[in-house]
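Here's a quick walk through one protein model, from the whole chain down to a few residues. Have a look at the sequence and the structure first.

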Amino acid sequence: MQNETTEPWYKHRFVWLLILFPTVAVVGGINLFFQAVQSDDGLVSDDYYKEGQEINSQLDRDIKATNLGLSGQLMLGEDGKSIRIQLNKAIAGDLVLKLMHPTRAGQDQTIILHKQAPQFYVGKLSNALTQPRWQVELADTSKQWRLKAEWSISDAEALQLKPTT
């Protein structure tokens, strides 16, 4: 028989290598769990049936904007928070601007735009727009008509708002 010296298990490198992989998997799984809990996707509507029924009333608003011959331009100020809109026709009263993120409802913003001139409206965002892509909806306060567009902020040009038909 050979003279064998037995070392404790924790002094063998191969044992630590075997322990490393399951430990990394557990730590990674816990990390992913906390990320999933903290981030709100906002992709699924809670009341999709009711929203489906409201489609016809939304289409009527688009038709009304078309009949009125409305269109406009949206411009973002240098500070990233001021919004200016110029319409092609004078409209009475204030306007409502909704900026909706395609996937994160928590970043959506709704602001009231006040008339500065017959066809010119201004407003201030509560938070600067950090994401590059937004769905934009401009409407009157009585919700009779609306103009919609998809906005890529990286473009330096003004966003053209038109009725969707």
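## Chain layout

Before reading off the pattern, one bit of bookkeeping: helices (H or I, at least four residues) and strands (E, at least two) are DSSP runs, numbered from the N terminus. With that in hand, the order along the sequence of the protein chain reads α-α-α-β-β-β-β-β-β-β-β. In total that's 3 helices and 8 strands. Keep in mind that this is a predicted model.

## Overall shape and surface

How does the radius of gyration of the protein chain sit against that of a compact globule of 165 residues? The globule would come in near 15 Å, but the protein chain has 27 Å. Its C-alpha trace covers about 105 × 40 × 20 Å along the principal axes.

As for what's tucked away, 24% of the 165 residues count as buried. Take the contacts in the protein chain with a separation of 6 or more: 53% of them link residues 24 or more positions apart.

## Strand β2 and its partners

On one hand, β2 pairs with strand β1 (residues 72-76) in the antiparallel sense, over 5 bridges. On the other, β2 is joined to strand β5 (residues 120-124) by 5 bridges, and this pair also runs antiparallel.

Which residue has a positive phi although it is not a glycine? That's Lys143, with a phi of about 60°. Most residues other than glycine have a negative phi.

You'll find Lys143 in the loop between β6 (133-140) and β7 (146-152). With a relative accessible area of 55%, Lys143 is over the 50% cut-off, so it counts as exposed.

Leaving aside neighbours within four places in sequence, Leu147 is in contact with a list of residues including Ala65, Leu70, Leu87, Val136, Leu138, Leu161 and Pro163. Leu87 in that list belongs to the range of strand β2, residues 82-87.

Pro163 sits in the segment after β8 (159-161). At 21% relative accessible area, Pro163 is not under the 20% that buried calls for, so it counts as partly exposed. Pro163 and Leu147 are 16 residues apart in sequence, with their C-alpha atoms 4.6 Å apart in space. Another pair to check is Pro163 and Thr66, which are 97 residues apart in sequence and 5.8 Å apart, C-alpha to C-alpha. Again setting aside neighbours within four places in sequence, the contacts of Pro163 are Asp62, Ala65, Thr66, Leu70, Arg146 and Leu147. Ala65 and Leu70 turn up in the contacts of Leu147 and in those of Pro163.

Terms used. Residues numbered from 1 in each chain as written. Predicted model: local features only at pLDDT ≥ 70, side-chain atom pairs only at ≥ 80, totals over all residues. Heavy atoms only, no water. Pairing = 2+ DSSP bridges. Buried < 20%, exposed > 50% of the residue type's maximum accessible area, 1.4 Å probe, protein only. Rg over C-alpha atoms; globule rule 2.2 N^0.38 Å. Contact = heavy atoms within 4.5 Å.
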